Amino acid sequence: MLDAITGYLNSGTTPGEYGSIFWATIYILVITIGISLAVIAMNWLERKILAHMQIRLGPMRVGPHGLLQPFADALKLLIKEDIIPEEADKLVFWSAPVVVTMTAFTTFLVVPFGRTHAVTDMNIGVLFMLGISSLGVLGIIMAGWSSNSHYPLMGSLRSSAQMVSYEIAMGLAIVSAVLMTSLQTGTGTLSMIGIVEAQNAQQTWFIFKFFPLGFIAFGVFAIAMVAETNRAPFDLPEAESELVAGFHTEYSGFRWSLFFLAEYAAMLAVSSIAVTLWLGGWMRPFPNFLSGPAWETAFSFIPALALFVLAGMCLLGTVRMPKIPQMRVQTVGLGIFGTLLGLVGLVLLVPAVRERVQDIFWFVTKVAFFMYLYIWYRGTFPRYRFDQLMKVGWKVLLPIGLAVLIATAMVGLYPELAAAVVGVVQ
Amino acid sequence: MSLKPLLRKMFLVDLIKGLKVTFNYQAPSEAITEQYPLERPVIFERFRGQPRLSVNPDTGESLCIVCNLCALACPEQLIVVKGERNPVTRRKEPVAWTYDLSRCMFCGLCAEACSTDALELTQDYEMALYSREGMVLDQAALERGQEPTRYEK
Amino acid sequence: MSDFETDYRHAKPGQSGPGVTDYLDLDTKDETFLDATELVLNMGPQHPSTHGVLRVILKLDGEKVLGTECIIGYLHRGVEKIGEHRTYAMFNPYVDRMDYVASVSNGLGYCEAVEKLLSVEAPPRAQYLRVILTELCRISSHQVWLGTHALDIGALTPLFYCFRDREEILKIFEKYCGARLTTHAFRIGGCLYEAYDGFEQDCKKFCDAFLPKLDEYEELLTTNRIWVRRTKGVGILNPEDCIALGVTGPVLRASGVKWDLRKAQPYESYKDFDFEIPTGLNGDTYDRYLVRIEEMRQSVRIIRQAVDGLPTGPIIAKVPKVIKPPVGEVYHSIEAPKGELGYFIVSDGSTQPYRMRVRPPSFVNLQALDKMVRGLLVADVVAVIGTLDIVLGEVDR
């Protein structure tokens, strides 16, 4: 038994490569729980960060600094009355949130959180992710149509047009990144792990490759992914000031929370594509300049350090809580939370854990950056109108994506041509 | 289109300017939320809130002389004052005073009309109640001042 | 590259075509088989961006608006009738509850109308105080407008910045007259309250602090490409239409008509102050936005001048305790933040008006909605409702 566990852990492969259904199940469970936790954390962070951008405090009452607010909300949604409108198409209405959630979670099958931290490594990994995540639009259309109501219908129509048209720009940007994997080795790959390893082999993140081509492709993807996940400033399908709540107007309670879960899971999924394709996936920063065992060790302490900093912030918050009887429970709670974070940080100092976890840490940090961007956009920008959104997709992003794709291919095929162009410009 | 606006458009200057504003406001010191029951708002002197009927602090008798000006001034006619003349002091004293807080819009016309500074609108603002019954204040309640109702589970 | 397309828009008056009718005809069935062109959408009264309880029935072709029908009255309280059953002084607090985001202006208009009926004039100090407070009120009203308008278009954050700065104005109101929203600040014949200690400093402090904040709002919106695209060319009203519909206020001025009652028929002490009337060129939502932003700047200018030149003296003219105006009628209008706010009062010589009529700017401006949104998209409808700056308390009264 122990041999089987250590045998797998030392094999340095994903469960898919190892051919073990047992380990795949374990990974899937861990990832499902992890994504759900991440959505909960994201819920809290979005409220707090958005609130602070809007000079508010956000949730402060349920738990210290509102830390338990997402759990309270989840509980409230679970015990709410389950309403299916009289005129709705019951079966489709019932299955729409399931479809949306399933697709959002299935994409994480191929996301490489580390060299060995993926359920499986498909040779068509990127295609698989794109394909599955675009199935999500099906669920949205089902929700909008089956509600038998005007606002959801309009929301779902907007959503389908939007997701379909932005997928093209997104696909073109992805193709230019995939092209880059083939440039020096000669064999390209669509495997998510393969793409990160290609970046490792070429000693650069693809965002800096052929500057500014990689950067522009990344920019196109970064805009398209916001539209793809229906977030501000492209949140037309659920534009609350126009369509009340868009495609999920008629949903409430647990079904609504499934849509919520799916939306955030989809955000995490597209952010992981962006991180994998352009930001070096699980690789730590500067593996080429700051190489060597000393730097390796130094960087492997950073996850634990980050947790210690968080724990320190919590404990500082505990000290600075107002000393009044009403806040005593919250103060104790925050103290316990800080201590827990510190303990997790201590666990991360164990060498075996340290080595394994730092891949995940860097990946999560990069994804978290994208999540912050999502919140930041939402706090700043107005919303596009439907025709303008289409215009941005078809008339701006699509041509740029095509041009970048062609330019990348040219530069990759004829490096001397690129050098000549740079020379002429200079 | 000249070059400068084009470059500004290409490098998303307009969007980045906005992003900068929201980013800078994230400091917790910028937050203006008042955590209400813990932090009390500052109420200024002229605030028109809970009505009070003043009594003479030395003798404890009401300052109200039942001139009925407040009841006449009130646009909602929610004040009812009845009084009788005290046979000893020859002074008119209120016997029944009602003030229907549920209809009051705190315009302050009654306090303006009062000829003896007996009726005033004070700085108390916690007037929410669990039922409508307590909204009609009698003389004792007006002189005592209403206690804020505490939250009950 | 133009910032907006005009090909699918035909917001021109009098245009006919399939589905475009001059009024919203909901009863006639379309004869065509499988009519997929029209959708009747009920927007409001519980819709998040109809600014209260406005109900708009939209006739849509896909997302394109073919016609609208406004249904109002959900907030009707019979303010005018109440006015006929109250004495002149008693009605004063009620007018605050019409346009509740600009209650000081409402009070000013009413008090001036009654003063005109009585042929009295407020003393200079009272006039200056009134100007300061109404201009503060104009800023606060425009801040509410800006916040909610931006919220309608999808920018969540300006709302909170606007309300933070509005708080300073409301604090001045509370210090001056004891209430933040329904102020009841003025009385017939002048002001009841003398300026409190530090009133001038508070106003100046607000003016100094507010201008940088205004630049900040502009940084978030004015040049933002999404904001520009959402507002430029949306809801165009040309000057002729404006005048024909009786539209007033910033909506009229954005169409290029330089009509501001503060200059055209100076009331109070507005002739003493040096300020400009901003006007727009295109009469679209973006121009209305710019006009209102500039109006806030001009209001700050007026407040600064008024605070500096605040005269001394009495604050209320000699007005009898029981107001019994002579028999007659009067119409008096002022420039409220939303447009021309007029009061028509008929006196029969008793203590109560015989007839009271309010000309609310929001109600009149709302009539332009149909003209503005025909041929636009659903998303533009909320933008146009926002830019008209209606307050349903005033529309329904």
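How many residues of chain B are in contact with how many residues of chain A? Here 12 residues of chain B are in contact with 13 residues of chain A, where contact means that two C-beta atoms, placed from the backbone, lie within 7 Å. The side of chain B that touches chain A divides into 6 nonpolar, 5 polar and 1 charged. As for those classes, Ala, Val, Leu, Ile, Met, Phe, Trp, Tyr, Cys and Pro count as nonpolar, Asp, Glu, Lys and Arg as charged, and the others, Gly among them, as polar.

A quick word on what you're looking at: this is a predicted model, where local features need pLDDT of at least 70, side-chain atom pairs count only at pLDDT 80 or more, and totals for chains, interfaces and linings use all residues. Residues are numbered from 1 along each chain as its sequence is written, while chains are lettered from A and ligands numbered from 1 in the order in which they are written.

Chain C meets chain A too: 28 residues of chain C are in contact with 23 residues of chain A. Among the elements giving two or more residues to that side of chain C are strand 1 (39-43) and helix 4 (124-153). By class, that side has 16 nonpolar, 5 polar and 7 charged residues.

Now for chain C itself. It comes to 15 helices and 8 strands, which are DSSP runs numbered from the N terminus (helices: H or I, at least four residues; strands: E, at least two). Its radius of gyration is 22 Å, close to the 21 Å that the globule rule gives for 397 residues, so chain C is as compact as a globular protein of that length. That radius is taken over C-alpha atoms, and the rule is 2.2 Å times the number of residues to the power 0.38. The C-alpha trace of chain C spans about 75 × 50 × 35 Å along its principal axes.

Next, some backbone angles. Most residues other than glycine have a negative phi, yet two residues in the table go the other way.

| Residue | Phi | C-beta atoms within 10 Å | Class |
|---|---|---|---|
| Gln77(B) | near 50 degrees | 13 | partly exposed |
| His184(C) | about 50 degrees | 24 | buried |

A residue is buried if 20 or more other C-beta atoms lie within 10 Å of its own, exposed if 12 or fewer, and partly exposed in between. Gln77(B) sits in the loop between helix 3 (69-73) and strand 2 (79-85) of chain B. His184(C) is in the loop between helix 5 (157-177) and strand 4 (186-187) of chain C.
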